[in-house]
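The entries go from the overall fold to single residues.

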Amino acid sequence: MNKEVKITIEGTQLGAEEAIITTCEGAYYNRNGCHYVLYKETTENGIIKNKIKIDSGRITVKKDGGLNALMEFNTAEATRISYQTPYGSLGFDVYTNVLNLKVDDDEVRVDLSYTLSENGEQISKNRLRIEVISI
């Protein structure tokens, strides 16, 4: 796969009317069997640097900048997501139900579904799709 890539991320809260879709260009590399995707996004809080690490049973998303977050999706165990926003800190428990990874010569696709909970109560069921294509 080329280093220069087009990235499409689609997040859907099940039961919500429409998905949130982010499309941008970024960089891709593969190291020790792990796929890494780097890209920047501009928000009202500033520029956020994003790093996605894709492994066979785990995905880690790290955001630095106007919003700081570390999110891990792991089918083997529940994880904790932490968001540091300008308005305070938020934390949720994440239960990853499905994580499918497809890798070809010119693309990487991830489909995952997960549940967010807080203090033992389910907040939402969600789906996340990541598509990385060589350009």
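The entries below follow the order in which I checked things.

**Entry 1: ground rules**

I am working with a predicted model, in which local features need pLDDT of at least 70 and side-chain atom pairs count only at pLDDT 80 or more, while totals for chains, interfaces and linings use all residues. Residues are numbered from 1 along each chain as its sequence is written, and side-chain values use heavy atoms, with hydrogens and water left out.

**Entry 2: the barrel**

I looked up the sheet. I found that 10 strands close into a barrel, in the order β1-β2-β3-β4-β5-β6-β7-β8-β9-β10, with antiparallel pairing. Neighbouring strands of this sheet are turned by 25° against each other on average, direction ignored. For that angle, axes are lines fitted to C-alpha atoms (for helices over the stretch in contact), and angles run from 0 to 180 degrees between N-to-C directions.

Strands here are DSSP runs of E with at least two residues, and helices are runs of H or I with at least four residues, numbered from the N terminus. I count two strands as paired if DSSP finds at least two bridges between them.

**Entry 3: pairings, strand by strand**

I noted β2 (residues 20-31) and β3 (residues 34-43), which run antiparallel and are joined by 5 bridges. The bridge partner of Asn30 in β3 is His35.

Next I took β3 with β4 (residues 46-54), an antiparallel pair with 9 bridges. Thr42 stands opposite Ile47 in β4, and the β3-β4 hairpin has 2 residues between its strands.

β5 and β6 (residues 68-74) are antiparallel, with 6 bridges. Arg58 has Asn74 in β6 as its bridge partner, and this hairpin has 2 residues between the strands.

β6 also runs antiparallel to β7 (residues 79-85), with 3 bridges. Leu70 stands opposite Ser82 in β7, and the hairpin of β6 and β7 has 4 residues between the strands.

Last I checked β8 (residues 88-103) with β9 (residues 107-118), which pair in the antiparallel sense over 10 bridges. Asn100 stands opposite Asp111 in β9.

**Entry 4: two asparagines in loops**

I looked for positive phi values. Most residues other than glycine have a negative phi. Asn32 has a positive phi of about 55° although it is not a glycine. Asn32 sits in the loop between β2 and β3, a hairpin with 2 residues between the strands. Asn119 also has a positive phi of about 55° without being a glycine, and it is found in the loop between β9 and β10.

Why do I call Asn32 exposed? Asn32 is called exposed because its relative accessible area is 75%. Asn119 is likewise exposed, with a relative accessible area of 73%. My cut-offs are under 20% relative accessible area for buried, over 50% for exposed and in between for partly exposed (1.4 Å probe, protein chains only).

**Entry 5: Gly57**

I placed Gly57 in the loop between β4 and β5 (58-65). Its relative accessible area is 27%, so I list Gly57 as partly exposed. Leaving aside neighbours within four places in sequence, Gly57 is in contact (heavy atoms within 4.5 Å) with Phe73, Asn74, Thr75 and Leu99. Gly57 and Thr23 are 34 residues apart in sequence and 24 Å apart in space, C-alpha to C-alpha.

**Entry 6: Asn126**

I found Asn126 in strand β10 (residues 121-134). Buried or exposed, for Asn126? Asn126 is buried, because its relative accessible area is 7%.

The side chains of Asn126 and Ser124 are joined by a polar contact of 2.9 Å. A polar contact is a pair of N or O atoms within 3.5 Å; within protein, one must be able to donate a hydrogen and the other to accept it, and residues adjacent in sequence count only if both atoms are side-chain atoms. Beyond its neighbours within four places in sequence, Asn126 is in contact with Thr12, Gln13, Leu14, Leu112, Ser113, Tyr114 and Leu116.

**Entry 7: the largest pocket**

The lining comprises 28 residues, of which Gly11, Ile20, Tyr83, Tyr114 and Leu128 lie nearest the pocket centre. Strand β1 (residues 4-13) gives the largest share of that lining, 5 residues.

On a 1 Å grid over the protein atoms alone, a pocket is an open set of points where a 1.4 Å probe fits, with protein on both sides within 12 Å along at least five of seven lines; lining residues have an atom within 4 Å of a point.
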